[in-house]
Amino acid sequence: MKKAKIAIIGGTGFEKLFNDAKQTRVGTPYGVPPPIALGKIGEKTVAFLPRHGPEHSVPPHKVNYKANIYALHTLGVERIIAVNAVGAINTAFKPGDIVIPHDFADFTKFRSTTFYDDAPVTHVDFSQPYCPEIRRTFIECAEKLGLHLWNRGVLVCTEGPRFETPAEIEMFRRLGFDIVGMTGIPEAVLARELEMCYAALCFVSNMAAGMQERLTPKEVLDISETVQPKIEQILIETVRVLPVERKGRCPCANALKDSRIK
Ligand code: HPA
């Protein structure tokens, strides 16, 4: 099977970043994820996984996150770059902005969020929830490209598929959260549990509930098309700049070290 060290998880449409992409199907103990495209960005082979399936038919609460992350691990992936649409809670952020979250809060309800349901009991450290090396690379690449992004933010992940109520958003604002989405968790958790680096490029598709008149998925789609070129530029440059080998400058590659009582 062809291997890749870097993966991009996003909506549909990123396949066109690749030269000669080939689709592959990977079975896992957790089920079969959507077809994964393997192709080249510059010199590097990159895997692309459309989180919601090739036809965008899987809602956020039904995404098989465990199969997706496990399949990437099977392909040899060590670093995952996630692209997520989010609503802005922080009023400094506006639709079309890009935010690199540095922390998250998990408000999902029914998702399986661990590979470690059995012994040995495993508690993975999340003091640095996103890979600091990928985050730094995003920020440096955007700067080099002259593109604005917000280099910090707390993401809250909700269960969906409905959008939040104004009261929920007001609660999240008081708790200090900046952006809200439905797909960031458990992806980030599962990746760390398999010692893979993971960071997210979030684009603001709307102001969160209660901060604009109403919310529609069409708006999310429209904004995603507008910001896509910006995101693509950052992705291409980030993949180019990231070193082939991880050199232990982040907590991700050794996440399981010291995570078990016995
Ligand atoms: N809430 C949750 N998820 C989202 C939103 C939102 O406002 N916008 C895009 N994804």
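Tutor: Strands (E, at least two residues) and helices (H or I, at least four) are DSSP runs, numbered from the N terminus. This is a predicted model: local features need pLDDT of at least 70, side-chain atom pairs count only at pLDDT 80 or more, and totals for chains, interfaces and linings use all residues. Residues are numbered from 1 along each chain as its sequence is written, and side-chain values use heavy atoms, with hydrogens and water left out.

Student: Which residues are around the ligand?

Tutor: A residue is near a molecule if one of its heavy atoms lies within 4 Å of it. Here that gives A85, V86, G87, F163, E164, V180, G181, M182, S205 and N206. Strands β5 (79-88), β9 (179-181) and β10 (197-207) each supply at least two residues of this shell.

Student: What is a nitrogen atom of the ligand 2.7 Å from?

Tutor: Look for polar contacts, which are pairs of N or O atoms within 3.5 Å; within protein, one must be able to donate a hydrogen and the other to accept it, and residues adjacent in sequence count only if both atoms are side-chain atoms. At 2.7 Å from a ligand nitrogen there is an N or O atom in the side chain of E164. The side chain of S205 has an N or O atom 3.4 Å from a ligand nitrogen, and a polar backbone atom of G87 is 3.3 Å from one.

Student: Where does the ligand sit?

Tutor: Rolling a probe the size of a water molecule over the atoms shows where empty space is left. On a 1 Å grid over the protein atoms alone, a pocket is an open set of points where a 1.4 Å probe fits, with protein on both sides within 12 Å along at least five of seven lines; lining residues have an atom within 4 Å of a point. A molecule sits in a pocket if more than half of its atoms lie within 2 Å of its grid points. The ligand sits in the largest pocket.

Student: How many residues line the largest pocket?

Tutor: There are 37, and H52, H56, A85, V220 and L221 lie nearest its centre. Helix α5 provides the largest share of that lining, eight residues.
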